[in-house]
Amino acid sequence: MTAVPPPNAGAGASVLAIDVGGTQLQSAALDAPAELGPIRRTPTPRSATDPGGAVVAAVGDLVATTRREAGILAVGVTVPGHVDEPAGIGIRSANLGWRNYPFTAALGNAIDLPVALAHDVRAAGEAEYRLGAAAGYADVAVVTIGTGIAAALRLNGRPYSGRGQAGELGHSVVDPAGPVCACGNRGCLEAISSAGAIARRYAEASGSAADAAEVLRRAATGEAIAAGIWAEALDALAIGLAQLCALVAPEAIILGGGLAEAGEQFFGPLPHLLRAVRGSAPVPPILPARLGQDAGHRGAALAAGALLRQP
C-alpha cells in the first residue's frame, strides 16, 4: 500500500479533526508526526430552530480553545446524514435535524481557517481504506454502527457517494411492520439495530434505562429481554447487510462504530446470520474496523490535510 503523507503542513503545524456525532461532538488535533492528540468529548448541541448553526457555534468554540494550544492550520469536520461534500452542504440529518445547511461557508465565517466538510462514515471509510482494515480491497463497504447506521462504499477502487446520498444503509427497510424511525419511515434498520434503538427498545420493553453497552452486558448474562432485543438487532443487521451484498457485492464488509466493539458477541453470530439470509449466494468476509473510534478523526484529518497540500 502506498504510504499516506501525514495530513499536516510540517513541524509545529497541526490540523484539527472534529467528528460530529448524534450524541457527542469529538475533536482531536493531529500534529506534524501524524500523532493523534487527546480526544475532547462534549455533548452534541441541539437546536429546534437552527440545528446546523448550533453545531457551527460549538465547532467555533473548540477551534478557539485548540488554537491556543497548537498551531492549527486547517480544520476537518465530519457530519452525519446526507452530505454534499463538494458544495459543503449538509443536505439532511434525520437525527440532528438540519436541512440544506451550508456548513463549509458558515464554518469558514466562524473560524477563519480552511475547512474541509466530510460525511462522517465516508471519512471513516476513507481512513480505513488508506490506513486500516479496508486496505487492499477494490470493492469494499465500511459500515459504522452507532447512533445511526451508514456505509462508506468503494467500488473499483474509487469512493462512491451517489451525490451525497449513497450508503444510507440505516434507512433501508428491513421490517415493514417495525418501529418508526427518526426519518419518518417504519422498520428502518437504524430503528432496530443502532445503539440508540437498542437502548430505546430495551427501555420500552423493560421499563429500565440502559445504554446499548449495558443491554449487551445484560444479554450476555442471559437476561431474556436484553437477549431478545440484541437478537432482533442482529437479525435486522443481517438482512440489511444481505441487501448491501445483493446490490454491490463487496469483497469485504468492514464493521466499525461503538457496537462493533462488542467483539465475539457481535462478530460471532453475524456471519452465520448473514449466510442464512443469503442462502446459496456468496457471503463476503466480515472484518472489524482497525482504527476503531479513531477512524472518523483520521478521516477528518485526511480531508483537512488535503486542503493544505493543494497548490
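How does the span of helix H3, taken between its end C-alpha atoms, agree with 1.5 Å a residue for its 12 residues? I will answer that in a moment, after a word on the model.

This is a predicted model, in which local features need pLDDT of at least 70 and side-chain atom pairs count only at pLDDT 80 or more, whereas totals for chains, interfaces and linings use all residues. Residues are numbered from 1 along each chain as its sequence is written, and side-chain values use heavy atoms, with hydrogens and water left out.

To the helix, then. Helices (H or I, at least four residues) and strands (E, at least two) are DSSP runs, numbered from the N terminus, and the expected span of a helix is 1.5 Å times one less than its number of residues. For H3 that rule gives 16 Å, and the end C-alpha atoms are 16 Å apart, so the two values agree. Helix H10 can be treated in the same manner: its 15 residues should span 21 Å, and its end C-alpha atoms are 21 Å apart, which again agrees.

On burial, the terms are these: buried means under 20% relative accessible area, exposed means over 50%, and partly exposed lies in between, with a 1.4 Å probe and protein chains only. In H3 the buried residues are Asp120, Val121, Arg122, Ala123, Ala124, Gly125, Ala127 and Glu128, while in H10 they include Ala295, Gly296, His297, Ala300 and Leu302. Gly299 also has its place in H10, and it counts as buried because its relative accessibility is 5%. Gly299 and Asp19 are 280 residues apart in sequence, yet 9.2 Å apart in space, C-alpha to C-alpha. A further glycine, Gly76, lies in strand E4, residues 71–79, and counts as buried at 0% relative accessibility; Gly76 and Ser27 are 49 residues apart in sequence and 9.7 Å apart in space, C-alpha to C-alpha.

Both helices return when we turn to the pockets. On a 1 Å grid over the protein atoms alone, a cavity is a set of points where a 1.4 Å probe fits but cannot get out, a pocket is an open set with protein on both sides within 12 Å along at least five of seven lines, and lining residues have an atom within 4 Å of a point. Grid points are joined across faces, edges and corners, and a volume is the space filled by probe spheres set on the points.

The second largest pocket has a volume of about 420 Å³, and of the 23 residues that line it, the closest to its centre are Glu85, Arg122, Ala123, Glu126 and Pro159. H3 gives the largest share of that lining, six residues, and among the other elements that each supply at least two residues are strand E10 (149–155), strand E11 (158–160) and helix H10 (295–309). For residue classes, Ala, Val, Leu, Ile, Met, Phe, Trp, Tyr, Cys and Pro count as nonpolar, Asp, Glu, Lys and Arg as charged, and the others, Gly among them, as polar; by class, this lining has 15 nonpolar, three polar and five charged residues.

There is one cavity of 30 Å³ or more, and the largest cavity has a volume of about 30 Å³. Its lining consists of Ile145, Ser193, Trp230, Ala233, Leu234, Leu237, Leu259 and Phe266, with the largest share, four residues, coming from helix H7, residues 224–248. That lining has seven nonpolar residues, one polar and no charged ones.

Next, the rings. Rings of Phe, Tyr and Trp (its six-membered ring) pair if their centres lie within 6.5 Å, and planes under 30 degrees apart count as stacked, over 60 as edge-to-face and the rest as tilted. The count comes to four aromatic pairs. One of them joins Trp98 and Phe103, edge-to-face at 4.8 Å centre to centre with 75° between the planes; Trp98 is buried at a relative accessible area of 2%, and Phe103 is buried at 0%. Phe266 and Phe267 have ring centres 5.0 Å apart and planes at 80°, so this pair too is edge-to-face, and both residues are buried. Ring pairs also link Trp98, Tyr101 and Phe103 into a cluster.

Finally, two loop residues. Asn156, in the loop between E10 and E11, has a positive phi, near 55°, in a residue other than glycine, and is exposed with a relative accessible area of 67%. Ala249, in the loop between H7 and strand E12 (252–256), has a positive phi of about 45° although it is not a glycine, and counts as exposed at 52% relative accessibility.
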